[in-house]
Amino acid sequence: MGEMKIAFFEGWYFKHQIKDKTICIIPGVCDEKCFIQVITNKNSYNVDFNKKFFSNNEDINIKNNVFSFSGIDVNISEDNFKMIGKLEYTNITSLKTDIMGFFKYFPMQCRHGIISMYHKVNGYISVNGEYIKFKDGIGYIEKDSGRSFPKEYFWIHSNDFEEKCSVVASIADIPFMGFNFQGIICAVWYKGVEYRLATYNGARVVSFNKDHLIIENKNCKVEIYIFNNKCYDLYAPNKGKMERIIKENPACKARFKFIFKNKIMFDFLSENTSFEYTYDEISN
């Protein structure tokens, strides 16, 4: 018998924002190809490449495009999509420990990692002729790997606030050792202090739908309300193949309220919140 092939994907999410401009770039690799997806305030794009063009040593390389945690250098010229630019990242802000907690030691359908909650972005990028200059812009980086995205999930991130702050939260249907549970991960970075709400530290969902999320644990409570949600198509993995369509808004308006030990730490509005919400029926 031949060796059984295990379905697999790996992707990185580089978010860049300055004033009212947001651009998210997603390089990745899956069973049959490598790819670069781009989502802006106006549209989303996908460019596929032969898998031979992918490498991941110290940097992520896809043909003439280089992605690292200190910056990116991109140059794509296709018939209907052109992107060129160079961005530099400084003051990367990592979490103290893995966002997956002890679940990182178990086989999971999808592993999530947060590389930087907040950093400075400088440089330029041009997408289909629209030139964006970044001078003290802000960025965020995360990654996913595994076989498939969760069948049902809610994901949201913003670091576009009146003070230095970054919030990322996700709830998802998690298949685990023969049963399913509603998994929660949330990190709040505010004034240089990290707060964590997660399944593994007693967090629970108070309420959620496509317009809001409220979660809490013993010490913390996070309330998020989404006010407008014009979404664009992105491809997502299902059993190692990029064949599922999900929806993301890279820059919607949202309100974030954070309470710690019964004290309101902040109640911020963000005009540039990235948001995904899906309840598609996709097999694991």
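How many bridges pair strand S20 with S21, and in which sense do the two run? They pair over 10 bridges, in the antiparallel sense. That counts as pairing if DSSP finds at least two bridges between the strands. S20 covers residues 241-260 and S21 residues 263-278; strands here are DSSP runs of E, at least two residues long, numbered from the N terminus.

Quick caveat before I go on: this is a predicted model, where local features need pLDDT of at least 70, side-chain atom pairs count only at pLDDT 80 or more, and totals for chains, interfaces and linings use all residues. Residues are numbered from 1 along each chain as its sequence is written, and side-chain values use heavy atoms, with hydrogens and water left out.

Okay, back to that hairpin. There are 2 residues between S20 and S21, and Lys-261 takes a positive phi near 50 degrees. Further along the pair, Lys-257 stands opposite Asp-267 in S21. Asp-267 also forms a salt bridge with Arg-255, with the closest N and O atoms 2.8 Å apart. For the cut-off, that's a side-chain nitrogen of Lys or Arg within 4 Å of a carboxyl oxygen of Asp or Glu. Arg-255 sits in S20 and Asp-267 in S21, so the bridge ties together parts that are 12 residues apart in sequence. Asp-267 is partly exposed at 37% relative accessibility, and Arg-255 is partly exposed too, at 29%.

Strand S12, residues 153-158, runs antiparallel to S21 and is joined to it by 5 bridges. If you want a landmark there, Phe-154 has Tyr-277 as its bridge partner in S21.

Staying with charges: the structure holds 11 salt bridges. One of them brings together the side chains of Asp-48 and Lys-33, at 3.1 Å from N to O. Asp-48 is in strand S4 (44-49), while Lys-33 is in the loop between S2 (21-29) and S3 (34-40), so this pair links parts 15 residues apart in sequence. Asp-48 is partly exposed at 41%, whereas Lys-33 is buried at 16%. Then there's Glu-194 with Arg-196, at 2.8 Å between the closest N and O atoms, and both of those residues are buried.

Now the inside. The largest nonpolar core has 34 residues, and those touching the most other members are Ile-99, Ile-114, Met-117, Tyr-140, Phe-149 and Val-168. Apart from that core lies another, of 30 residues, including Val-38, Ile-62, Phe-67 and Ile-76. By core I mean buried Ala, Val, Leu, Ile, Met, Phe, Trp, Tyr and Cys residues joined through side-chain atoms within 4.5 Å.

One more buried spot: Thr-22, in strand S2, has 1% relative accessibility. Leaving out residues up to four places away in sequence, Thr-22 touches several others, among them His-16, Ile-39, Pro-250 and Asn-272. Contact there means heavy atoms within 4.5 Å.

And what makes up the nonpolar surface patch of about 300 Å²? That's Ile-84, Tyr-124 and Tyr-131. Patch residues have over 30% relative accessible area and no salt bridge, with like charges joined within 9 Å and nonpolar side chains (Val, Leu, Ile, Met, Phe, Trp, Tyr) within 5 Å. Areas come from the Shrake-Rupley method with a 1.4 Å probe, and for residues only the protein chains shown count as cover. Tyr-124 belongs to strand S10, residues 110-127.

Notes. Buried means under 20% relative accessible area, exposed over 50%, partly exposed in between (1.4 Å probe, protein chains only). Helices (H or I, at least four residues) and strands (E, at least two) are DSSP runs, numbered from the N terminus.
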